[in-house]
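Please find below my note on the structure under review. The points are numbered so that each may be taken up separately.

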Amino acid sequence: MHITAQKIKEAAEALECTELKSFMFQEPTAGPLTRRRRSSRSTGRSRRSTRGTRRSTRRSTRGTRRSTRRSTRGTRRSTRRSTRGTRRSTRRSTRRSTRGTRRSTRGTRRSTRGTRRSTRRSRRSTRRSRRSRRSTRRSRRSTRRSTRRSRRSTRRSRRSTRRSTRRSRRSTRRSRRSTRRSRRSTRRS
């Protein structure tokens, strides 16, 4: 039961149909403060008329009270039902929203965990790749150094062999020259 403007209008019209409106907008029926005494006949008639007006006012007030009580009870019941419905709807909506938020937080946690793990793995792999690169660089440097040393040693050995061959050639030439000279000298003599 939702209280709408249409229902409020209908309730106001129902109250207007009863005697409440006529009672509310009645003029005061109080007579003059100083009453003049008349004959007994006129006083009897006035008493009867006042009694009738009193009875009619009492009946109208009773009817209006009953109608107001009924209308207030109906409005109370409708407000109670509407408040219950709103409470239930708010509870359901809050439960659904809390469930949705829990699921979303779980999903975000899982996704963040997955991303953290992937970032950790990528960092580890990058560290390993850096280590492997460093090791490969070191090995390349060591191989280059060893090749340079070996080349230097081979060059030195070649130089030494060349020098030795040159010396040996020179010595052989000198010995041949000396033998020729000695032969010539012996022939002349």
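**Points on the structure**

1. I begin with the second largest pocket, whose lining comprises 16 residues; K7, A11, G74, T75 and S78 are the ones nearest its centre. A pocket here is an open set of points on a 1 Å grid over the protein atoms alone, where a 1.4 Å probe fits, with protein on both sides within 12 Å along at least five of seven lines; lining residues have an atom within 4 Å of a point.

2. The model is predicted: local features need pLDDT of at least 70, side-chain atom pairs count only at pLDDT 80 or more, and totals for chains, interfaces and linings use all residues. Residues are numbered from 1 along each chain as its sequence is written, and side-chain values use heavy atoms, with hydrogens and water left out.

3. The volume of the second largest pocket is about 370 Å³, a volume being the space filled by probe spheres set on grid points joined across faces, edges and corners. Its lining divides into six nonpolar, seven polar and three charged residues. Ala, Val, Leu, Ile, Met, Phe, Trp, Tyr, Cys and Pro count as nonpolar, Asp, Glu, Lys and Arg as charged, and the others, Gly among them, as polar.

4. Which helix gives the most to this lining? Helix 3 does, with seven residues; helix 1 and helix 3 (40-188) each supply at least two.

5. The chain has three helices and zero strands, in the order α-α-α from the N terminus. Helices (H or I, at least four residues) and strands (E, at least two) are DSSP runs, numbered from the N terminus.

6. The mean pLDDT (the predictor's confidence in each residue, from 0 to 100) is 79 for the chain, and 82% of the residues reach 70 or more. Helix 2 (residues 20-24) has the lowest mean, 65, and helix 1 (residues 5-17) the highest, 85.

7. Of the 189 residues, 4% count as buried. Buried means under 20% relative accessible area, exposed over 50%, and partly exposed in between (1.4 Å probe, protein chains only). The chain exposes about 19,900 Å², of which carbon and sulfur atoms supply 43%.

8. H2 lies in the segment before helix 1 and is exposed, because its relative accessible area is 60%. The C-alpha atoms of H2 and S78 are 7.8 Å apart in space, although the two residues are 76 apart in sequence.

9. T86, in helix 3, is partly exposed, with a relative accessible area of 37%. T86 and H2 are 84 residues apart in sequence and 9.2 Å apart, C-alpha to C-alpha.

Conventions
Accessible areas come from the Shrake-Rupley method with a 1.4 Å probe; for residues, only the protein chains shown count as cover.
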